[in-house]
Amino acid sequence: LLRSGIVCLPGSSDRLGRALLLVTTSGSAWGAAWCSTAELARLILYLCSLPRREPKDVGLTVVVDARKQPPAPVLFSALRSIQSVSPGCIHSVLLLAEKELVTHRERLPGVLVETLTSLKALGRHVDSSQLPPELDGAFPYCHGEWVQFFQKLHPFTAGLRQASELLQLCIQELRSTDTLAGTRDAAAGIRRHQELMQKVLSDPQLVRVQREGGFVLARLRRE
């Protein structure tokens, strides 16, 4: 679903500084069995989590390119699901479509939905420098390259999160052990400290991060 490119986050923004989420309604992926409401909502929620805090806090602007084909029902079903799970995640939806292709206006609670019938109308909301060539803009974006980078970045950040969670749990247990030190045998407390330290030092994920993390991070920065 991510590789299909029907939804992408190119890294550009609208005129008010909100991050853009681009959706194209054409493509065979919309008819695939794996393109369900739940999976599409999961993908969009993940993409909405990626921008920096400032644009993320004000909600994203979704640009739906429906000039060739009307939006599949699963799209607005997924957007409604997202609003119920994470209100404010999406600020507005700009539906770019020919008048004859829009049979009715979709409604999303708490989200501004506006139908635009031309790229000129879209330009009132998004400068052409922030739109990809598919929308007659000048913003450079290659979804295939982004996916390749994502496939390297995602496992690395997931590993960091796992290592962080382990350390946080051990820190909490050490603090609770220290708090009870007055009522416990000192030798037992020392043994527990040693056990926790051994757990940290022998954890495969943490060892991998220590050995390879610097190299991986340097490579990702270059790319």
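**Figure 1. Glu-223 is found in the segment after helix 7 (204-222).** Welcome to a predicted model, in which local features need pLDDT of at least 70, side-chain atom pairs count only at pLDDT 80 or more, and totals for chains, interfaces and linings use all residues. Residues are numbered from 1 along each chain as its sequence is written, and side-chain values use heavy atoms, with hydrogens and water left out. Helices (H or I, at least four residues) and strands (E, at least two) are DSSP runs, numbered from the N terminus. Glu-223 has a relative accessible area of 48%, so it counts as partly exposed; buried means under 20% relative accessible area, exposed over 50%, and partly exposed in between (1.4 Å probe, protein chains only). Which residues does Glu-223 touch, not counting residues up to four places away in sequence? They are Phe-149 and Lys-152, where contact means heavy atoms within 4.5 Å. Glu-223 and Phe-149 are 74 residues apart in sequence, and their C-alpha atoms are 7.8 Å apart in space.

Figure 2. The predictor's confidence in each residue is called pLDDT and runs from 0 to 100. Its average over the protein chain is 88, and 94% of the residues score at least 70. Where pLDDT is low, the predicted coordinates should not be read in detail.

Figure 3. Two strands pair if DSSP finds at least two bridges between them. Strand 2 pairs with strand 3 in the parallel sense over five bridges, and Leu-20 stands opposite Thr-61 in strand 3. Strand 3 and strand 4 also run parallel, joined by six bridges. Thr-61 has Ser-92 as its bridge partner in strand 4. Ser-92, in turn, has Leu-112 as its bridge partner in strand 5. Strand 4 (residues 90-96) and strand 5 pair in the parallel sense over five bridges.

**Figure 4. Asp-65 is a buried residue of strand 3.** Strand 3 covers residues 60-65, and six of its six residues are buried. Leu-60, Val-62 and Val-64 point one way from the strand, whereas Thr-61, Val-63 and Asp-65 point the other way. Is Asp-65 buried or exposed? Asp-65 counts as buried because its relative accessibility is 15%. Leaving out residues up to four places away in sequence, Asp-65 touches Val-23, Thr-24, Thr-25, Leu-96 and Leu-135. Leu-96, in strand 4, stands opposite Asp-65. Strand 4 is mostly covered as well, with six of its seven residues buried.

Figure 5. Val-74, Leu-75, Phe-76, Ala-78, Leu-79, Ile-82 and Gln-83 are buried in helix 3. The buried residues of helix 3 pack against strand 2, helix 1, strand 3 and strand 4.

**Figure 6. Helix 1 has buried residues along one face.** These are Leu-40, Ala-41, Leu-43, Ile-44, Leu-47 and Cys-48. Seen down the axis of helix 1, they fall within an arc of 160 degrees, so they line one face of the helix; the arc is that of the directions from the helix axis to the C-beta atoms. The face turned away from the buried side of helix 1 carries the exposed residues Ala-38 and Arg-42.

**Figure 7. Ser-26 lies in the loop between strand 2 and helix 1.** With a relative accessible area of 26%, Ser-26 is partly exposed. Leaving aside neighbours within four places in sequence, Ser-26 is in contact with Ile-6, Lys-68 and Gln-69. The C-alpha atoms of Ser-26 and Lys-68 are separated by 6.5 Å, although these residues are 42 residues apart along the chain.
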